[in-house]
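Please look at the model below. My notes follow as numbered points.

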Protein chains: 2
Amino acid sequence: MDQKVTIKEVAELAGVSKSTVSRYLNHGYISTEKQERVRAAIEQTGFQSNFFAKRLKTKESKLIGIVLPRMDSVTVGKLLAGISRVLEPAGYQGILLVSQLSGRKELENIRNLQQQGVDGILVDSVGITEEHVKISQEGNIPILYTGQKNDKVPFVKIDDEAAGRMMGAYLREMGHKHAVFAGVTEQDTAVGVDRKRGFIDAFKAGRFGAKVDFVETGFDFLSAYNQAEDVLRCKASVVVGATDNISLGILRYIHERGIRVPEEISVAGFGGYEVGAVVYPALTTVAFDYELVGMKAAQYMLNLLRDEPVQENMEMPLFFVERESVRNLKRDYEKEKPGSMNGLA
Amino acid sequence: MDQKVTIKEVAELAGVSKSTVSRYLNHGYISTEKQERVRAAIEQTGFQSNFFAKRLKTKESKLIGIVLPRMDSVTVGKLLAGISRVLEPAGYQGILLVSQLSGRKELENIRNLQQQGVDGILVDSVGITEEHVKISQEGNIPILYTGQKNDKVPFVKIDDEAAGRMMGAYLREMGHKHAVFAGVTEQDTAVGVDRKRGFIDAFKAGRFGAKVDFVETGFDFLSAYNQAEDVLRCKASVVVGATDNISLGILRYIHERGIRVPEEISVAGFGGYEVGAVVYPALTTVAFDYELVGMKAAQYMLNLLRDEPVQENMEMPLFFVERESVRNLKRDYEKEKPGSMNGLA
DNA sequence: CTGTTAGCGCATTCAG
DNA sequence: CTGAATGCGCTAACAG
């Protein structure tokens with residue numbers, strides 16, 4: 001509450017001027033003798049410099065606003081872990097705001113943060129609208145996006161289309177000709193549009209007879225589970241969930257029906273969540289390193305803040321994690337050796 | 001970066017004094033006529049009051065420090081969701097610091113936050129040491145703990161011992177006489193000591209012949225998976241993981257060995273994570289409402305800040321979630337009807 | 001190398 | 001009801 005001891009008292013106790021103490025605190029020319037006196041005085045008083053007074057002068061808050069769509073998701077957790085991993089060592093701290101998956105709230109949060117005097121804002125967006133672009137350009141602090149893309153603003157994200165293509169190419173390689181894509185609304189440009197398009201393109205790519213059905217679900221287990229019947233009705237040889245959660249929900253339904261995976265039907269997903277390795281059979285997936293995305297984003301932000309040149313369009317690496325849930329239709333299915341917890345470590 | 005327009009310019013444009021503008025902004029006596037002029041001037045200039053100057057005067061930051069052991073965990077995510085849900089409406093924002101599961105880093109973060117001038121600190125602790133108690137008492141801002149308990153400091157947490165007892169009583173009711181508890185280090189008072197003790201007490205509770213073996217694992221899937229062989233060697237009728245993740249890791253191992261659950265062995269856990277409902281068979285567990293814990297903690301903090309009376313020792317409700325992974329040894333095993341995704345909704 | 005002098009932008013006395 | 005004056009605690013010229 002009350003910040004009792006100030007720089008002034010330290011100065012008096014040490015028998016020097018306030019400026020000398022300030023110099024000691026910062027980058028100062030100060031004789032070793034006085035240096036010692038000041039040090040002692042600070043220790044004795046337990047002095048701590050007042051954050052706000054300091055910021056009022058320096059015009060720097062060392063605070064980065066972070067706007068998240070929600071908190072209780074693995075993805076967001078990883079992202080945050082990455083962000084704080086590079087922000088903290090640089091002396092920055094994060095202020096957190098949650099948008100409850102609402103674009104309106106997201107904008108509100110950004111405005112709020114701008115007003116709070118943070119040095120920059122990182123937004124894990126649910127969708128970058130014209131309003132976002134406007135607000136980004138009008139403000140005088142850098143705003144960096146992730147999760148979604150828009151060429152009018154700086155962003156860092158995984159290449160959803162490439163991820164889709166990776167999966168499409170793999171399933172094709174495995175001899176699948178008919179897939180059903182259990183995806184999300186097209187409102188979500190990243191997951192609902194790009195990822196799906198990449199998949200379809202690579203899966204079909206000039207093959208006659210290759211077919212991809214589509215079933216729309218939400219992002220959570222339950223919603224996917226509820227659509228599973230529709231998904232199975234497509235009679236495809238493989239089910240591709242737009243996220244691992246979707247695949248897991250469908251997998252659950254398949255288990256309940258006593259259908260064997262991958263012998264009778266294959267399942268694959270996107271995300272590389274750890275749980276995908278512990279379900280049985282373990283889920284084949286395209287893994288994203290969200291922690292790395294967080295780190296890159298934070299680094300990008302630091303560059304922006306320091307007016308350093310930034311490397312645009314960073315490529316986020318994707319890992320294909322081949323586990324047990326997809327059958328190779330081209331050659332005999334080679335049974336995974338038990339005892340190895342594939343891809344978990 | 002640069003906060004161009006200040007209260008002074010607004011005042012000039014409106015033809016009033018700075019103080020009048022300040023009054024307008026806060027709680028001020030101001031004539032309706034000037035009120036309008038000031039409003040217009042603010043709108044025209046796009047004025048935003050300087051956060052730091054304001055805080056320097058008022059001695060309130062409206063910032064709450066939040067210290068977390070890690071970011072990438074479902075538990076932490078839920079907790080944060082709950083916290084921000086009550087903090088935001090109250091006009092507070094959270095500053096986030098991560099301790100990387102280190103007690104030393106945790107203390108460092110607390111000190112850091114104290115210095116930053118936050119109004120209060122919420123700590124999801126890995127263990128409350130004497131040092132924590134000291135630092136809490138010396139500082140002049142409230143520090144509230146969760147995750148662990150210590151009667152010398154304020155805390156809000158779930159009742160781990162009660163959770164353990166709940167599970168012990170249930171398994172006993174199901175006719176189990178020999179359990180193996182796959183738990184974590186006793187360093188963790190909450191999970192490693194209290195939860196286990198509660199379980200053992202209720203499971204045995206004056207029964208002759210009831211037996212509980214113990215195998216130590218880490219918190220993650222993989223570590224549990226690696227200890228699974230030891231766990232199975234106990235030949236117990238039920239495996240109880242100290243957390244759902246532990247149970248899931250062991251479940252995976254059991255699946256790989258082709259052992260049927262719950263026909264041949266039962267498995268149960270603690271936490272109530274959503275994934276427990278999508279694995280097959282769905283995991284019976286004691287569910288904690290971490291979001292509620294977060295909300296309670298935040299409310300407690302608000303009370304502390306306002307010097308309002310606080311309700312000590314809040315009881316966090318526990319939910320027993322009976323799903324499919326535990327066999328009732330007393331009566332015939334009643335097959336779960338397929339088609340209902342138990343406990344997920 | 002060091003003390004003195006000015007503000008940073010705002011809220012708040014204090015006289016009107 | 002309102003303006004002028006003061007200072008929150010600190011940093012950054014400025015002359016020594």
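1. A backbone N or O atom of N50(A) sits 3.0 Å from a phosphate oxygen of DNA strand D. A polar contact here is a pair of N or O atoms within 3.5 Å.

2. On the base side, look at S19(B). An N or O atom of its side chain is 3.0 Å from a base nitrogen of DNA strand D.

3. This is a predicted model, in which local features need pLDDT of at least 70, side-chain atom pairs count only at pLDDT 80 or more, and totals for chains, interfaces and linings use all residues. Residues are numbered from 1 along each chain as its sequence is written, chains are lettered from A and ligands numbered from 1 in the order in which they are written, and side-chain values use heavy atoms, without hydrogens and water.

4. DNA strand D is surrounded by 27 residues, counted as near if one of their heavy atoms lies within 4 Å of the strand. I7(A), T20(B), R23(B), S31(B) and K57(B) are the closest.

5. Helix 2 of chain A gives the most, four residues. Helices are DSSP runs (H or I, at least four residues), numbered from the N terminus.

6. Chain A can be laid on chain B with an RMSD of 0.3 Å, by a turn of 180 degrees and a shift of 0.1 Å along the axis. That is the relation of a two-fold axis. The superposition is by least squares on C-alpha atoms of residues with pLDDT of at least 70 in both copies.

Terms used:
A polar contact is a pair of N or O atoms within 3.5 Å; within protein, one must be able to donate a hydrogen and the other to accept it, and residues adjacent in sequence count only if both atoms are side-chain atoms. Helices (H or I, at least four residues) and strands (E, at least two) are DSSP runs, numbered from the N terminus.
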